[in-house]
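Please open the model in a viewer and keep the selection tool at hand.

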Amino acid sequence: MASRFRPELWPTVFLIPALALMLGLGIWQLERLAWKTDLIDRIERGLAAPPAPLPAELDPGFDYRHVTVTGRFDAAHAFRLLARVNDGATGIQVVTPLLRDDGGPAVMVNRGWVPLGPDGKPADYDPPPAGTVTVEGVARRPLPQGWMQPDNSPATNEWFWADLPAMAAAAGLGGAAPVVVEQAAGPDRTRPPIGGQTKVDLPNDHLEYAITWFSFAFMLVAIYLLHHLRRRTARKGPDA
């Protein structure tokens, strides 16, 4: 009669928490996969939809939407987002408040990218149009300050991330909409500021990560069983 499987104490003590951790991480990556897939689908639908007027009241999930907004540019204030890259070249992006005609809060409009000149300063760029205009672009909720990003310096107009309340205060506004409208590219993409700076880079590698963790769990169980098989064979001896 074949002998019963008798797990050893310490290999089993190591196996149980390690296996639980690997399976848990694999399941978590599958959950992240579902979340990321839904997020990418929502972004693609929002960008593919025809432009719609920007609502005065925005729900928390309002992001990556193709919108239009009408008003007058506050040409006296142009905020410079530093260290912005376009086609491999470094420059800035220019953000200007738009005072809405519908009475809603002002909207920060990212008018586009401006290259740096040989002296390291931004090149000359076109001012915003005067009078009432309708801006078409993509409404995005700005990311918070990254852990490696310097602090903004409103006094010197050096902005490393879009702090909308601080920008509104610097422009003397009572507040601003919680989104930046990244203006669409115009017909002439040679004259700065160059619009159409919306970039979507959302890698979705969670399925590969899940497979990796489940593979680790499978290999761990295989090593555990192989260890016990070899120990049992050794106990029986070569002539058993």
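A residue is called buried under 20% relative accessible area, exposed over 50% and partly exposed in between, with a 1.4 Å probe and protein chains only. The model is predicted, so local features need pLDDT of at least 70 and side-chain atom pairs count only at pLDDT 80 or more, while totals for chains, interfaces and linings use all residues. Residues are numbered from 1 along each chain as its sequence is written, and side-chain values use heavy atoms, leaving out hydrogens and water.

Select F79 and W159 to begin. F79 is buried, and W159 is buried as well.

Next, display the rings. Rings of Phe, Tyr and Trp (its six-membered ring) pair if their centres lie within 6.5 Å; planes under 30 degrees apart count as stacked, over 60 as edge-to-face and the rest as tilted. The count comes to 2 aromatic pairs by this rule. F79 and W159 form an edge-to-face pair, 5.4 Å centre to centre with 75 degrees between the planes.

Move on to W213 and F216, an edge-to-face aromatic pair at 5.7 Å centre to centre and 85 degrees between the planes. W213 is partly exposed at 26% relative accessibility, and F216 is partly exposed at 37%.

Finally, select R65 together with F62. A charge sits over a ring if NZ of Lys or CZ of Arg is within 6 Å of the ring centre and within 35 degrees of the ring normal. The charged end of R65 sits over the ring of F62, 4.7 Å from its centre. R111 likewise lies over the face of F73, 5.9 Å from the ring centre.
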